[in-house]
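Subject: Structure for your attention

Dear colleague,

Please find the structure below. My notes on its pockets and its aromatic rings follow.

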Amino acid sequence: MPDTAAHTGPRFTHLISDCDGVLIDSEAVALQALLDLLAPQLPDLPEGVTLQGLIEPRLGLRLVPLIHDIYAELGLPQLPEEEVLAIGHGVNVRCDEQLSAVPGVAQALAAIDLPKAVASNSVSERVHAALTRTGMVDLFGGRYFTPDLVGHAKPHPGLYLAAAAAFGVPPGQCLVLEDSVTGVTAAAAAGMTVLGFIGGGHIAAGQEARLKAAGASYVFSEMASLPALVASLMQRTTA
């Protein structure tokens with residue numbers, strides 16, 4: 001918990017959250033689906049290299065750059081587009097079949113009296129459908145910022161900058177919830193204060209350090225602690 005008496009900074013007025021891995025407990029499902037669907041496409045990996053180890057640092061990226069980066073790192077020819085699309089479809093089907101909210105997130109967000117938005121690398125229709133099915137859609141008032149709407153994907157800061165602009169506030173007044181290095185990088189580049197969530201089933205060892213290195217100001221592991229963390233940050237006075 002931050003020492004609010006020892007810190008000063010901007011007045012936080014808005015909250016922006018990633019979707020997958022923060023609101024929707026889908027990243028562990030997506031990781032397993034990628035392992036199942038991508039493994040048959042790859043030759044034997046070099047000694048000491050695992051597919052899971054290649055995927056985990058890239059969670060949060062859109063599928064095309066994720067697969068592109070893996071094949072580039074391995075020095076392999078890129079997969080044909082139709083095969084990448086087939087893998088993406090398979091991942092989406094698996095995630096839809098096993099859709100669930102992150103435990104405690106709805107209650108935590110309902111206890112935070114700030115206008116809220118979602119900034120996700122998914123597409124707006126999928127975000128809306130997931131939030132509707134998990135009963136969280138009313139928390140965000142239809143305020144979704146996704147690559148199909150904004151034209152940028154994380155780690156570019158454009159999604160977060162678009163959200164702040166829509167709220168009509170400086171980026172520095174926004175708190176962000178993120179679980180991936182990709183997302184933290186985007187929000188930090190937008191000039192926002194990032195709270196890194198490491199309580200998801202997909203989180204690998206060392207993620208706290210990676211999120212902090214990417215720009216997360218605080219890291220938390222339980223949604224039940226989020227309202228108190230946000231309340232303490234909101235008590236800070238402008239320097």
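Helices (H or I, at least four residues) and strands (E, at least two) are DSSP runs, numbered from the N terminus. Helix 4 gives 8 residues to the lining of the largest pocket, the largest share. A pocket, on a 1 Å grid over the protein atoms alone, is an open set of points where a 1.4 Å probe fits, with protein on both sides within 12 Å along at least five of seven lines; lining residues have an atom within 4 Å of a point.

This is a predicted model, in which local features need pLDDT of at least 70 and side-chain atom pairs count only at pLDDT 80 or more, while totals for chains, interfaces and linings use all residues. Residues are numbered from 1 along each chain as its sequence is written, and side-chain values use heavy atoms, with hydrogens and water left out.

In total, 38 residues line the largest pocket, and D20, N92, N121, S122 and R126 lie nearest its centre. Helix 1 (27–38), helix 3 (63–74), helix 4 (81–97) and helix 6 (124–133) are the elements that each give two or more residues to this lining.

The structure also holds 1 aromatic pair (ring centres of Phe, Tyr or Trp, the latter by its six-membered ring, within 6.5 Å; planes under 30 degrees apart are stacked, over 60 edge-to-face, the rest tilted). F197 and F220 form this tilted pair, at 5.3 Å centre to centre with 40° between the planes. The pair links distant parts of the chain, 23 residues apart: F197 belongs to strand 5 (residues 193–197) and F220 to strand 6 (residues 218–220). Both F197 and F220 are buried (under 20% relative accessible area with a 1.4 Å probe, protein chains only; exposed is over 50%, partly exposed in between).

Yours sincerely
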